[in-house]
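Dear colleague,

Please find the structure below, handed over for your use.

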There are 2 protein chains.
Amino acid sequence: MNKKLFLAGLALLLGAGYGVAAFAQAKPEVLVKQRQAVMILHGKYWGPLGGMAQGKVPYNADIVARNAGFLDALSQMPWDGFHPSTKDEKSRALPAVFDDAAKFKEARDRYRGAIGKLVAASKGGDEAAFKVAAGEVGKSCGGCHENFRAK
Amino acid sequence: MNKKLFLAGLALLLGAGYGVAAFAQAKPEVLVKQRQAVMILHGKYWGPLGGMAQGKVPYNADIVARNAGFLDALSQMPWDGFHPSTKDEKSRALPAVFDDAAKFKEARDRYRGAIGKLVAASKGGDEAAFKVAAGEVGKSCGGCHENFRAK
């Protein structure tokens, strides 16, 4: 088969599969997997910054800037996954996520605010400013992990 | 316990856990989970764009711009997860990922280039330009999914 045609057909197939899944309301178990995926990637990209903030590993301005940018994207991704339809899915999300949505949103906004400051601090290559901003991020993690996640 | 102190302690704990995991070489099974997490999120954010590119759902410039930005970050994330240590882990990655690294890198670069053009096209709110760029992204997915991933 002509390679261009093959690739065009493949693109259609790929697009079609994704498209159908994307415009039906995503299934609860898919939403849970997606938000868990976001947290797995938080581990990957927050991890090194947490280590640097504590002085356990050397400060590296390039990694800080790159990871802060990734976290800026990642920190926007989990929230629509906490759809009411997921309430009975198996996960570590506590009922308070759905029963106290205002407080959950408050914790989320605090976290997003802290990430915004981290992104800003990561641009100057200033280690002290990074450590202050990273400390705020670390604290804001607890806003959800302490109150809205099972131990 | 004083709340500030508690949160500070929590931040340390969180940072410590992540930090230790981050600076030892990540375990192969963790690397696989991280790269699979990236692909789950590609599904979430590429899906709607694939649907729009095919005219199956209405073009929405705001979603295009947001998702293109997320894909710009996500498209940088999987590659270091294809570490040689993961070769024997259970996943759909074919041995060619490791045995033909140059071709894998070529496919990856083509994909990253297509995403760069998608990000550029998403900024103008121009539907026709978006469709051209999204078509290239769709094709470039096949560069890895056809040659480096088990059916």
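Helices here are DSSP runs of H or I with at least four residues, strands are DSSP runs of E with at least two, and both are numbered from the N terminus. On that basis, A:D99 lies in helix α4 of chain A, which spans residues 96-99. This is a predicted model, in which local features need pLDDT of at least 70, side-chain atom pairs count only at pLDDT 80 or more, and totals for chains, interfaces and linings use all residues. Residues are numbered from 1 along each chain as its sequence is written, chains are lettered from A and ligands numbered from 1 in the order in which they are written, and side-chain values use heavy atoms, with hydrogens and water left out.

Chain A overall

Chain A contains six helices and zero strands, so that its elements, read from the N terminus, run α-α-α-α-α-α. Of its 151 residues, 41% are buried, where buried means under 20% relative accessible area, exposed over 50% and partly exposed in between, with a 1.4 Å probe and protein chains only. Contact means heavy atoms within 4.5 Å. Among the contacts in chain A with a separation of 6 or more, 72% join residues 24 or more positions apart.

Helix packing

Axes are lines fitted to C-alpha atoms, for helices over the stretch in contact, and angles run from 0 to 180 degrees between N-to-C directions. The axes of α3(A) (residues 61-74) and α5(A) (residues 101-123) come within 9 Å and cross at roughly 150 degrees. The crossing is left-handed, meaning that the near helix is turned anticlockwise from the far one by less than a right angle; clockwise would be right-handed. On the α3(A) side the contact is made by A:V64, A:A65, A:A68, A:L71 and A:D72, and on the α5(A) side by A:R112, A:I115, A:L118, A:V119 and A:S122. By class, these are seven nonpolar, one polar and two charged residues; Ala, Val, Leu, Ile, Met, Phe, Trp, Tyr, Cys and Pro count as nonpolar, Asp, Glu, Lys and Arg as charged, and the others, Gly among them, as polar.

Helix α2(A) (residues 28-53) also packs with α3(A), at an angle of about 150 degrees and with the axes 10 Å apart. This crossing is left-handed. Its residues include A:W46 and A:M52 of α2(A), and A:F70 and A:L74 of α3(A). They divide into 13 nonpolar, two polar and one charged.

A:R112 of helix α5 counts as partly exposed, at 26% relative accessibility. Leaving aside residues up to four places away in sequence, A:R112 touches A:D72, A:S75 and A:Q76.

Cysteines

The structure holds zero disulfides over all chains, a disulfide being a pair of cysteine sulfur atoms within 2.5 Å. The sulfur of A:C141 is 8.8 Å from the closest cysteine sulfur, in A:C144, which is too far for a bond. A:C141 is buried, with a relative accessible area of 15%. In chain B, B:C144 is in no disulfide, and the nearest cysteine sulfur, that of B:C141, is 8.8 Å away. B:C144 is buried at 12% relative accessible area.

With kind regards
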